[in-house]
Amino acid sequence: MPRRVNKVPSWSVADQEYMARAIRLARNGLYTTQPNPRVGCVLVNGDEIVGEGFHFRAGEGHAEVNALAMAGEKAQGATAYVTLEPCSHFGRTPPCAEGLINTGVARVVSAMVDPNPQVAGRGIKMLRDAGIAAESGLLEAEARALNPGFIKRMESGLPFVRLKMATSLDGRTAMASGESKWITGPAARSDVQKLRAQSSAVVTGIESILKDDSALTVRADQLELDNADEIVKQQPLRVVLDSGLRMPLKASILSQPGRTLIVTVSEDADKIAALKNTGAEIAIMPAQDGRVDLKALLQMLAGQEQCNELLIETGATLAGAFIQQELVDEIYLYMAMKLLGSEARPAFQLPFTTMAQQIKLQQTDMAMLKDDMRLILKPVCGE
């Protein structure tokens, strides 16, 4: 008997155009949907787009709900193009699959199956059981690129980790004295603000706080986005690794809008109480060589805090530790066309002594931001 081969849907040019439009819509939620995924939806009846929508913020309408509200009665008999399989469970809102069924759509095309174990094909099954033609896999790579953190958290229990570093052309981050402002220009700094805004959490080490008194906030005036004032209402969680609880009680980061979480291995009750009085939250984590266990930290942030994407903004020691433990998915390297010299501080503390220890990086993007270069690099592990 010949082996049965699953039929691969044959997508029309129109199918691809409508899904591409849904993906563009989903990007409107790039900075605001945490902890939910970014999703877009387009409803088409005949050759007419009758409704479209995107998910903007957790607790508010999903993309399908917003598109159906726009379409009204025209949703009956329509095709829905959704960048992620419609949900099949009750969360903060009712199941989107149920909403599509109740409004009488005839066909649903999903770019990808939802990696959330609560859904994972159940939405598609619910639609098919109701007699709706349901397919998936159209522009899947583009849809996955919308939500690297949500997908990784659902599949591995870890967030997607980006490490940001600003250096001179000779790979230095500050003078030996610690002087560092500003290596890169306003365009690069604005780009970093966008990185912060799309991150669930920004992670740094206590040394960065002690040296620079960093605030690690997203600032509307530097975002250069039309809806910047709306975006900054949802600040990323600020996480400070402070094994010895050296955080100054008057540190700038403690008086910013949003949450600051201090992660430590110390159980100094007096200092913990004093820091909590400033509004900070404290998490005592397992230790590894006297410091916070980084893998355990990422598991906690993905699980307890539902963090999809993390941005690491820190000094050479902690940056090197994340890289050596193979916990970094992408490096955003901003390079100023300057030389700071051999006495200046390096970007990464990696005490290698042989060529065999080198870490290879794969370039995935390069752009000029006025006078500065931005490289997006992927560590190549296991080679």
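**Figure 1. Serine 168, a buried residue of strand β6.** In this predicted model, serine 168 has a relative accessible area of 0% and is therefore buried (under 20% relative accessible area; 1.4 Å probe, protein chains only). Strand β6 spans residues 160-168; strands are DSSP runs of E with at least two residues, helices runs of H or I with at least four, and both are numbered from the N terminus. The side chains of serine 168 and aspartate 170 are joined by a polar contact of 2.3 Å (N or O atoms within 3.5 Å, one able to donate a hydrogen and the other to accept it). Beyond four places in sequence, the contacts of serine 168 (heavy atoms within 4.5 Å) include Ile183, Met335 and Lys338.

**Figure 2. Leucine 339 in a loop and a surface patch.** Leucine 339 lies in the loop between β15 (330-336) and β16 (345-346). Its relative accessibility is 66%, so leucine 339 counts as exposed (over 50%). Leucine 339 is also in contact with serine 168.

**Figure 3. Asparagine 102 in helix α3.** Helix α3 comprises residues 96-102. Asparagine 102 is exposed, because its relative accessibility is 61%. Its C-alpha atom is separated by 47 Å from that of glutamine 363, 261 residues apart along the chain.

**Notes.** Residues are numbered from 1 along each chain as its sequence is written.

Methods: Predicted model: local features only at pLDDT ≥ 70, side-chain atom pairs only at ≥ 80, totals over all residues. Heavy atoms only, no water. Patch = residues over 30% accessible without salt bridge, like charges linked within 9 Å, V, L, I, M, F, W, Y side chains within 5 Å. Areas by Shrake-Rupley, 256 points an atom, 1.4 Å probe, with all protein chains shown as cover. Salt bridge = Lys/Arg side-chain N within 4 Å of Asp/Glu carboxyl O.
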